[in-house]
Amino acid sequence: MSRLQHVGYFFSRGFGPQGWGRPDWAWGWDWRRPDVYQQAVRELEQAGVDLVVMEDAVSVGNPETLELRVRSAYGGPKHDPLLLAPYLFAATSRIGLVPTVNAGITPPYLAARQAATLQHLSSGRFGLNVVTDTGSARHVSAEPPLDHDAAYDRADEWTGLVRDLWRSWEDGALAGGDGSSATGRYADGSRIRARHHEGRYFDVTGPLNAAPFDDGRAGEPLVVSPGGSPRGLAFAGAHSDVQLAYAPLDAASIRAYRARVHEAARAAGRRPDDVRVLFWVKAEVVASREEAERVVAASLDPSDADLLAVAGHWSSDLETDLTAHRLDAPLPAGAFGQHVSRGTLKGFFAGVEDPGAATLRQVLVRRSRKGLVSEGEGLVGTAEEVADLVEALGEEADNDGVLLSGDLHPVTLHRLLDELVPALRRRGVLRRELGDGGARANLFDF
């Protein structure tokens, strides 16, 4: 029997037009209604997926990239995934749901109260995917955006404050809150801390007026974070229960990445086992080896139109209009602002020997090309071949788990999971059902 691993799903398009630009759109789901998401998340729960991380972008984009983001509905419109979560909780009973929350947009007191409410409503299945996007801050403040590391400094303070507010109510504060009214007293105010925080970025007065969690700190919502830069890993080590990781999918790279996360946890006074690291596996599952070879061959010689489509996708992620630059010239110095995610930049230039000298065409060709999972060159393959890869990561790199990704359209899920779920279960990699103790219990039960 192979090593059991955790599986997450990254809802990568966010609460926006699911299926747009594909034949799937003709199914007729209304993305503004909860039905399509409810059906999809029920199937993910049936598949044994531990949690769904729900992407979000508060802003439709800056003037430079707005047209690119809305033209293909990649970056907008989007609705708030936090408000979608209750509909998904109502449709499921065990899977964890983790909407994205921007630490530069949402006041910590409000975030703590909303999260506590949803944690109670869901019986412990809620989490926060904490991001540090600074471009969106212009919608709530006239202050200039913070640079990459300073945004993490603010997120450090924000996350610590949110957790401190959750802990406003000490053990025993609910005198009659266990259901007994014999004392005639619901709560003991002497056990509620009215702490005032005055820090570099936030000035907040407690206590939180939401009820404490039944299991104390063990009952708190999950904190999830992306970000592979040194500063992002330090944040994960200090705060995160789950770190969303992007790295080459070979045993040596997985071990090295996990070691960095574990070292960051130790530096913050935590145990390595306090953080689950889930690696992105953006698999393209096809019916046969022959089909996989055809898909890969078709990607090796992209047209200019193909490259511009890839440029549009990356422009949204990088908050930079790549289509405004010449394909056959290097990107100019300073093309990317200080606020741009270092992890996203690393992914964009992955495999490019000299990013400063490479032409935009050379970089986009790298991003366009696909490879066979069976050859260790990419992620196109049959369900059995993808399952082989995931199994090997657990056996050879002691991997915690993987993060699949896509939109929440049923066609997307069936294309990815119909054969992959049985293949993973035959290998003993994927659990057959989730426990009923909440998201934290599921993630830390092995």
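## A buried pair of charges

Arg431 is buried, and so is Asp50 (buried means under 20% relative accessible area, exposed over 50%, partly exposed in between, with a 1.4 Å probe and protein chains only). Their side chains meet in a salt bridge, 2.8 Å from N to O (a side-chain nitrogen of Lys or Arg within 4 Å of a carboxyl oxygen of Asp or Glu). Arg431 sits in the loop between helix H14 (420-426) and helix H15 (439-443), while Asp50 sits in the loop between helix H1 (35-46) and strand S2 (51-54), 381 residues apart. Helices (H or I, at least four residues) and strands (E, at least two) are DSSP runs, numbered from the N terminus.

This is a predicted model, where local features need pLDDT of at least 70 and side-chain atom pairs count only at pLDDT 80 or more, while totals for chains, interfaces and linings use all residues. Residues are numbered from 1 along each chain as its sequence is written, and side-chain values use heavy atoms, leaving out hydrogens and water.

The structure holds 32 salt bridges. One of them joins Glu220 and Arg167 at 2.7 Å, N to O. Glu220 is buried, with a relative accessible area of 3%, whereas Arg167 is partly exposed at 25%. Both belong to a salt-bridge network that links Arg163, Arg167, Glu220, Asp241 and Arg440.

Another bridge joins Glu375 and Arg289, with the closest N and O atoms 3.0 Å apart. Glu375 lies in the loop between H11 and S11 and Arg289 in helix H8, so this pair ties together parts that are 86 residues apart in sequence.

## One side of helix H8

Which residues of helix H8 (residues 289-299) are buried? They are Ala292, Val295, Val296 and Ser299. These residues cover an arc of only 95 degrees around the axis, which puts them on the same side of H8 (the arc is that of the directions from the helix axis to the C-beta atoms). The face turned away from the buried side carries the exposed residues Arg294 and Ala298.

## Aromatic rings

There are 13 aromatic pairs, counting rings of Phe, Tyr and Trp (its six-membered ring) with centres within 6.5 Å; planes under 30 degrees apart count as stacked, over 60 as edge-to-face and the rest as tilted. The rings of Trp20 and Trp25 have centres 5.1 Å apart and planes at 85 degrees, so this pair is edge-to-face. Tyr152 and Phe235 form a tilted pair, 5.9 Å centre to centre with 50 degrees between the planes. Both Tyr152 and Phe235 are buried.
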